[in-house]
Amino acid sequence: MEPMEIYANQLRIHIINMLAAAGSGHPGGALSAADLLIYLYFKEMKIDSEDKDNPDRDRFILSKGHAAPVLYGTLAMKGFFNTSELTNLRKLGSFLQGHPDMLKVPGVEMSTGSLGQGFSASVGVALGGKIDEKSYRIYTLLGDGELQEGIVWEAAMAASHYKLDNLVAIIDNNGLQIDGTNDEVMKVNPLKEKWESFGWNVIEIDGHCFTDIERAFKQAKEVKGKPTAIIAKTSKGKGISFMENQVGWHGVAPSEAERAKAIEELERNIR
Amino acid sequence: MIATRESYGNILIELGKENKDIVVLDADLSKSTKTAGFAKHFPKRFINAGIAEQNLMGMAAGLATTGKIPFASTFAVFATGRAFEIIRNSICYPKLNVKIAATHAGITVGEDGGSHQSIEDIAIMRSLPHMKIIVPADDVETRQAVRAAAHIDGPVYLRLGRLGVPPIFDENHTFTFGKGNVLKDGKDITIIGMGLMISKCLKAAELLKQEGISARVINISTIKPIDEELIIQAAKETKRILTVEEHSVIGGLGSAVCDVLSTHYPVPVVKIGMNDTFGESGKPEELLTKYGLTVENIYDMAQKTVNNKK
């Protein structure tokens with residue numbers, strides 16, 4: 001395995017372990033975004049846990065805040081806090097709240113969880129960067145179901161109106177949400193055309209292919225005068241055979257037996 | 001006579017000159033909220049969100065994370081209603097340094113009617129942890145309150161009006177965040193008011209004086225955190241309280257006063273305000289008269305309250 005794939009596999013192990021320890025949470029959408037976060041934090045972003053308040057750092061905002069375990073796992077692996085904290089997820093007194101809390105978790109740039117709001121805030125951060133003539137970049141990850149929120153389109157309009165080429169929105173396009181597929185619940189397609197019509201540069205990729213991910217982020221940097229949307233085709237529950245593409249794994253934690261089976265699968269990958 | 005929204009617009013320009021971190025956001029109402037002056041002076045630091053109040057507040061939150069001091073303005077109805085949950089989760093929950101300067105609060109919006117007359121904004125904002133609330137009474141107080149808000153770390157809700165209001169304070173007045181002011185001393189009853197009702201409270205107190213009733217008048221401009229000490233002292237010394245607000249009697253100034261007194265020093269409190277009803281179209285003064293927000297009604301209620309308890 002390549003280093004990025006090994007990191008992503010390790011992150012998935014953290015996600016499964018912390019959700020099993022918590023007894024509740026959202027595995028599906030955390031697993032689908034694991035490869036994207038690993039690439040962002042270990043390859044793409046200028047960010048340093050030793051200098052986390054550097055005003056010139058790149059920023060990541062998890063707009064789909066319910067995927068908190070994927071962010072916490074990544075931040076711990078990146079050195080923002082000890083990985084031993086991860087199993088305190090969702091427990092009373094822990095700083096690892098059910099949804100990301102910027103006042104509590106080192107490295108969390110914005111409190112999120114109510115869908116659409118992290119994206120709107122990321123547009124504000126991008127505006128701040130432009131006003132200060134800074135070169136930092138802002139990355140935000142949205143779910144595809146999240147695109148049903150009206151505020152997403154208010155923010156999308158503003159980002160292109162203000163020519164925020166320092167902003168990249170990544171759509172974790174796994175096609176599933178709590179009540180079923182996007183198509184069953186509320187159709188969000190066609191995504192490419194929607195974002196293009198809002199004035200965005202759009203790149204479509206396989207969200208589990210690091211070559212694709214690398215190409216997309218490189219291309220996004222070259223585009224001037226408009227923000228970029230990366231539509232990342234992903235599988236919910238990616239990496240665990242019995243969770244992949246299953247609606248039922250949106251918001252249920254694995255039992256001990258399921259945890260053991262999942263970890264065995266993931267460890268087999270790195271052997 | 002100058003409206004508190006005008007005073008806000010004027011002081012924003014001064015603040016903009018003094019502090020490059022001040023940014024202003026509006027939602028296509030900059031001519032009405034009076035942020036247009038700031039926009040003209042500092043176009044790079046003015047962001048029009050268009051008619052999109054949710055994103056107005058979301059962007060303000062994001063800007064605050066970069067060290068900016070965003071003032072987000074629109075009408076009070078839309079600021080606190082349409083964008084409520086963004087204020088809750090993106091501004092108050094993370095305690096971000098966003099100032100919400102909402103204009104056109106209360107029924108003195110006038111002709112636009114009940115859909116645009118915010119009578120519940122204080123009730124909504126009071127319930128949010130980390131939120132602080134200021135309702136300035138006149139030009140002098142507004143300019144100082146906006147300046148104070150810029151220096152407070154964390155969310156502040158500034159409630160401003162459309163209608164011109166007479167001066168209450170002279171230029172020597174000092175606004176202190178969290179402190180009320182005794183505008184007139186008295187021993188029989190305390191009239192506690194806010195915003196444009198203050199001038200009416202003072203006139204009512206003059207009429208009461210002619211009837212031999214000594215009414216204390218207190219201006220409470222910081223609704224949250226409220227000046228508990230001053231309110232408790234008034235309850236102890238005058239035994240009766242009358243609250244007056246251009247807002248619903250549910251959850252506003254009167255409720256805030258009752259929250260203090262029911263815990264610390266219960267005395268009878270009579271509330272004048274919008275009695276669980278929406279407003280309607282009409283001239284501001286006509287509406288104030290119809291809904292009992294008048295000198296006469298303050299006078300009557302104060303007199304009744306004093307006589308009942310004598």
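Let's start with one pair of residues. In chain B, B:Gly193 stands opposite B:Asn219 of strand S11(B). Keep in mind that this is a predicted model.

B:Gly193 brings us to strand S10 of chain B, residues 189–193. S10(B) and S11(B) run parallel and pair over five bridges. What links up with these two strands? Helix H9 of chain B, residues 198–210, does: S10(B), H9 and S11(B) make a right-handed β-α-β unit.

S11(B) has another partner. Strand S9 of chain B, residues 181–184, pairs with S11(B) over three bridges, in the antiparallel sense. Here B:Val182 stands opposite B:Ile218.

Now, is S11(B) mostly covered or mostly open? Mostly covered. The strand spans residues 215–219, and five of its five residues are buried. In a regular strand, side chains alternate between the two faces of the sheet.

Next, the core. In soluble globular proteins, nonpolar side chains tend to be buried together. The largest nonpolar core here has 182 residues. Which of them touch the most other members? A:Ile230, B:Leu158, B:Ile191 and B:Ala302. Helix H1 of chain A, residues 3–22, gives the most to this core: eight residues. Domain 1 (2–165) and domain 2 (181–309) of chain B both contribute, so the core lies between them.

Last stop, B:Leu158. Leaving out residues up to four places away in sequence, B:Leu158 touches B:Lys99, B:Ile100, B:Ala101, B:Ala102, B:Ile134, B:Ala145, B:Val146 and B:Ala149.

How values were computed. Residues are numbered from 1 along each chain as its sequence is written. Chains are lettered from A and ligands numbered from 1 in the order in which they are written. This is a predicted model: local features need pLDDT of at least 70, side-chain atom pairs count only at pLDDT 80 or more; totals for chains, interfaces and linings use all residues. A residue is buried if 20 or more other C-beta atoms lie within 10 Å of its own, exposed if 12 or fewer, and partly exposed in between; C-beta atoms are placed from the backbone. Helices (H or I, at least four residues) and strands (E, at least two) are DSSP runs, numbered from the N terminus. Two strands pair if DSSP finds at least two bridges between them. A crossover is right-handed if, with the strands pointing away from the viewer, the path from the first strand over the helix to the second runs clockwise. A nonpolar core is a set of buried Ala, Val, Leu, Ile, Met, Phe, Trp, Tyr and Cys residues joined through C-beta atoms within 7 Å. Domain bounds come from an automatic or database domain assignment. Two residues are in contact if their C-beta atoms, placed from the backbone, lie within 7 Å.
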